[in-house]
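Trainee: I would like to learn how to read the features of a model like this one. Could we go through them in turn?

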Amino acid sequence: TQAASRLDLDSLPYDRVQALVKEATTTLGVGSPRTWQLTADHLTGAVALRVYGTGSEGTAYLEADGQGKVVRRVPAGG
């Protein structure tokens, strides 16, 4: 049903956002990012959080699950 596919904002791990941004800053090779973006989606059934950073080295992101555990890193240029 349509209601089952909605993202429950209360279920997001807000307490992990700051740590995810810090980890993205130090592990993805973006250097001094000019822009940051945080997204949350529920397209594939599970909640996914992504922290994107864009700098002179390119765009990179890390992806975390619904509990805020990092499950993927895509470094700049990768």
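Mentor: We can start with a strand pair: strand 1 and strand 2 (residues 48–55) are paired in the antiparallel sense over seven bridges. Two strands count as paired if DSSP finds at least two bridges between them. Helices (H or I, at least four residues) and strands (E, at least two) are DSSP runs, numbered from the N terminus. This is a predicted model, in which local features need pLDDT of at least 70, side-chain atom pairs count only at pLDDT 80 or more, and totals for chains, interfaces and linings use all residues. Residues are numbered from 1 along each chain as its sequence is written, and side-chain values use heavy atoms, with hydrogens and water left out.

Trainee: Which residues in strand 2 are the bridge partners of Thr35 and Leu38?

Mentor: In general, strands of a sheet pair through backbone hydrogen bonds, either parallel or antiparallel. Here Thr35 has Thr54 as its bridge partner, and Leu38 has Val51.

Trainee: What joins strand 2 to strand 3?

Mentor: A hairpin through two residues makes that link. The two strands run antiparallel and are joined by seven bridges. On this side, Thr54 has Thr59 in strand 3 as its bridge partner.

Trainee: In what order do the four strands form the sheet?

Mentor: The order is 1-2-3-4, in an open sheet with antiparallel pairing. Strand 1 and strand 4 (70–74) are at the edges with a single partner strand each, so one side of each has no neighbour in the sheet. From one strand to the next, the twist averages 15°; the angle is taken between N-to-C directions, from 0 to 180 degrees, with axes as lines fitted to C-alpha atoms, for helices over the stretch in contact.

Trainee: How many residues of strand 2 are buried?

Mentor: The general idea is a cut-off: buried means under 20% relative accessible area, exposed over 50%, and partly exposed in between (1.4 Å probe, protein chains only). Six of the eight residues of strand 2 are buried, so this strand is largely enclosed by the rest of the structure. For the protein chain, buried residues make up 31% of the 78 residues.

Trainee: Is Glu63 buried or exposed?

Mentor: Glu63 counts as buried because its relative accessibility is 10%. Glu63 is placed in strand 3 (residues 58–64). Contact means heavy atoms within 4.5 Å. Not counting residues up to four places away in sequence, Glu63 touches Ala48, Leu49, Arg50, Lys69, Val70, Val71 and Arg72.

Trainee: Where does Pro33 lie?

Mentor: Pro33 is in the loop between helix 1 (17–27) and strand 1 (35–41). With 23% relative accessibility, Pro33 counts as partly exposed. Leaving aside neighbours within four places in sequence, Pro33 is in contact with Thr54 and Gly55. Pro33 and Leu43 are ten residues apart in sequence and 27 Å apart in space, C-alpha to C-alpha.

Trainee: What elements does the protein chain have, from the N terminus on?

Mentor: The elements run α-β-β-β-β, with one helix and four strands in the protein chain. Taken along the principal axes, the C-alpha atoms fill a box of roughly 45 × 20 × 20 Å. Of the contacts with a separation of 6 or more, 39% are between residues 24 or more positions apart.
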